[in-house]
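Visitor: Could you take me through this model and, for each term you apply, set the value against its definition?

Guide: Gladly; let us look at it together.

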Amino acid sequence: MPRDDDGAPDGESDTEHALDYWRTLSAFDFGPTEIEEVETCVRSISSTIKDWSEAVRGDAAAAIRLVLPQNPPERVTFKVDLAMTVLLCRAFDNAAAALVLSHKLRSMPLERSHRNRLATSWLVRNLYLARDSSASQPLPARQLRGGRKS
């Protein structure tokens with residue numbers, strides 16, 4: 001799906017092509033090359049706005065603050081692509097960012113089955129990342145079984 005242009009550069013480089021990934025590739029489709037393209041794209045962003053500059057430097061909470069309060073857009077614009085790409089970059093290794101990406105994808109102006117497939121893939125990524133982060137602090141066996149206290 002092409003974006004409705006509102007200031008995007010005319011020719012698309014590989015870095016600019018990465019702006020489309022959040023709405024074209026599922027979480028399962030990202031390999032090292034695509035991740036590097038997204039990271040390169042995000043590193044090229046410069047802003048004096050605190051949340052933008054923090055998000056670009058790797059702050060997942062700042063990336064979430066950029067996207068979460070926004071109303072669903074009527075169309076995909078360069079600004080939407082930019083904010084969602086910053087969030088995408090943080091969603092690779094942050095469970096909260098992956099969850100917000102999944103949530104926001106569900107309200108994007110994309111074809112319904114494609115939108116649902118993308119959103120579900122990031123929800124699965126969220127669960128995977130959340131499981132990995134909690135693996136270092138296992139629950140006691142009785143809590144895992146929902147069991148009784150002895």
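Visitor: What makes α6 oblique to α7?

Guide: The axes of α6 and α7, in this predicted model, come within 8 Å and cross at roughly 140°, where axes are lines fitted to C-alpha atoms, for helices over the stretch in contact, and angles run from 0 to 180 degrees between N-to-C directions. Angles under 35 degrees count as roughly parallel, over 145 as roughly antiparallel, 65 to 115 as roughly perpendicular and the rest as oblique, which is why α6 is called oblique to α7. The crossing of the two helices, α6 and α7, is left-handed, a term for a near helix turned anticlockwise from the far one by less than a right angle.

Visitor: Which residues of α6 and α7 meet?

Guide: From α6, Met 84, Leu 87, Leu 88, Arg 90 and Ala 91 meet Ala 97, Ala 98, Val 100, Leu 101 and Lys 104 of α7, contact being heavy atoms within 4.5 Å. By class, this contact of α6 with α7 has eight nonpolar, no polar and two charged residues, with Ala, Val, Leu, Ile, Met, Phe, Trp, Tyr, Cys and Pro counted as nonpolar, Asp, Glu, Lys and Arg as charged, and the others, Gly among them, as polar.

Visitor: How do you know that α5 is mostly covered?

Guide: Six of the eight residues of α5 are buried, meaning under 20% relative accessible area, with exposed over 50% and partly exposed in between (1.4 Å probe, protein chains only). Those buried residues are Ala 60, Ala 62, Ala 63, Ile 64, Leu 66 and Val 67, and what covers them includes α4, α6 and α7.

Visitor: Which residues touch the most other members of the largest nonpolar core?

Guide: Of its 44 residues, Trp 22, Val 38, Leu 88 and Trp 122 do, a nonpolar core being a set of buried Ala, Val, Leu, Ile, Met, Phe, Trp, Tyr and Cys residues joined through side-chain atoms within 4.5 Å. α6 gives the most to this core, with 10 residues. Not counting residues up to four places away in sequence, Trp 122 touches a set of residues that includes Phe 30, Leu 88, Ala 98 and Leu 101.

Visitor: How many helices and strands does the chain have?

Guide: The chain has nine helices and zero strands, where helices (H or I, at least four residues) and strands (E, at least two) are DSSP runs, numbered from the N terminus.

Visitor: What conventions apply here?

Guide: Residues are numbered from 1 along each chain as its sequence is written, and side-chain values use heavy atoms, leaving out hydrogens and water. Because this is a predicted model, local features need pLDDT of at least 70 and side-chain atom pairs count only at pLDDT 80 or more, while totals for chains, interfaces and linings use all residues.
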